[in-house]
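Please look over the sequence and the model first.

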Amino acid sequence: MAQELNFQVDQGADWSYDLTLWLDCAHKQPLNLSTMDYAELTARLHKGSEDALFTLSTRGGGIKVLDPVAGKIRLHIDDKVSSAVDIRGTCLRCWYDLELHTKRGAQVYRLCEGFILLDKEITRDDSLDTL
């Protein structure tokens with residue numbers, strides 16, 4: 001079963017989170033990422049939704065492997081990605097999962113899942129121009 005992690009991100013700001021992926025949490029054994037082809041995090045408005053709000057990956061950007069043997073990665077959402085999400089109201093909760101794909105697509109592992117709470121940006125909110 002995938003580990004549950006929840007994050008809070010300010011829309012319009014850069015956000016990063018360093019994460020250690022564990023093969024065995026109880027014995028502090030990190031997941032060796034050297035056999036990985038790529039990792040991908042997809043955020044969706046609803047669980048099971050086909051439409052992605054945004055995607056981070058080791059191929060397209062947003063996920064960087066810091067130390068493959070120690071299982072260390074960095075998730076990064078830049079200001080342009082978070083600003084592009086349409087938030088109606090003060091915040092938006094979207095669901096994500098982080099999957100690891102082994103070389104040649106032999107296996108896919110869901111490493112963690114949860115929600116990302118995007119807090120709406122106020123400074124560049126066009127709806128406030130009427131004040």
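## Basis of the model

The model is predicted: local features need pLDDT of at least 70, side-chain atom pairs count only at pLDDT 80 or more, and totals for chains, interfaces and linings use all residues. Residues are numbered from 1 along each chain as its sequence is written, and side-chain values use heavy atoms, with hydrogens and water left out.

Strands of a sheet pair through backbone hydrogen bonds, either parallel or antiparallel. Here, three strands make an open sheet in the order S3-S9-S8, with antiparallel pairing. Strand S3 (15-20) and strand S8 (63-67) are the edge strands, each pairing on one side only. From one strand to the next, the twist averages 25 degrees. Strands are DSSP runs of E with at least two residues, numbered from the N terminus; two of them pair if DSSP finds at least two bridges between them. For the angles, axes are lines fitted to C-alpha atoms, and values run from 0 to 180 degrees between N-to-C directions.

S3 pairs with strand S9 (residues 72-77) in the antiparallel sense, over six bridges. Within S9, Ile77 is the bridge partner of Trp15.

## Salt bridge between Asp37 and Arg59

Seven salt bridges are present in the structure. The term stands for a side-chain nitrogen of Lys or Arg within 4 Å of a carboxyl oxygen of Asp or Glu. One of the seven joins Asp37 to Arg59, with the closest N and O atoms 2.8 Å apart. This pair links distant parts of the chain, 22 residues apart: Asp37 is in strand S6 (residues 36-44), and Arg59 is in the loop between strand S7 (52-57) and S8.

Accessibility is given as relative accessible area, where buried means under 20%, exposed over 50% and partly exposed in between (1.4 Å probe, protein chains only). Asp37 is partly exposed at 34%, whereas Arg59 counts as exposed at 57%.

The side chains of Asp97 and Arg110 meet at 3.1 Å, N to O. Asp97 lies in strand S10 (residues 91-102) and Arg110 in strand S11 (residues 108-119), 13 residues apart. Arg110 is partly exposed, with a relative accessible area of 43%.

Glu99 is a salt-bridge partner of Arg110 too, the closest N and O atoms being 3.8 Å apart. Glu99 is in strand S10, 11 residues from Arg110 in strand S11. Through shared partners, salt bridges join Asp97, Glu99, Arg110 and Glu113 into one network.

Technical notes:
Helix = DSSP H or I, 4+ residues; strand = E, 2+ residues; numbered from the N terminus.
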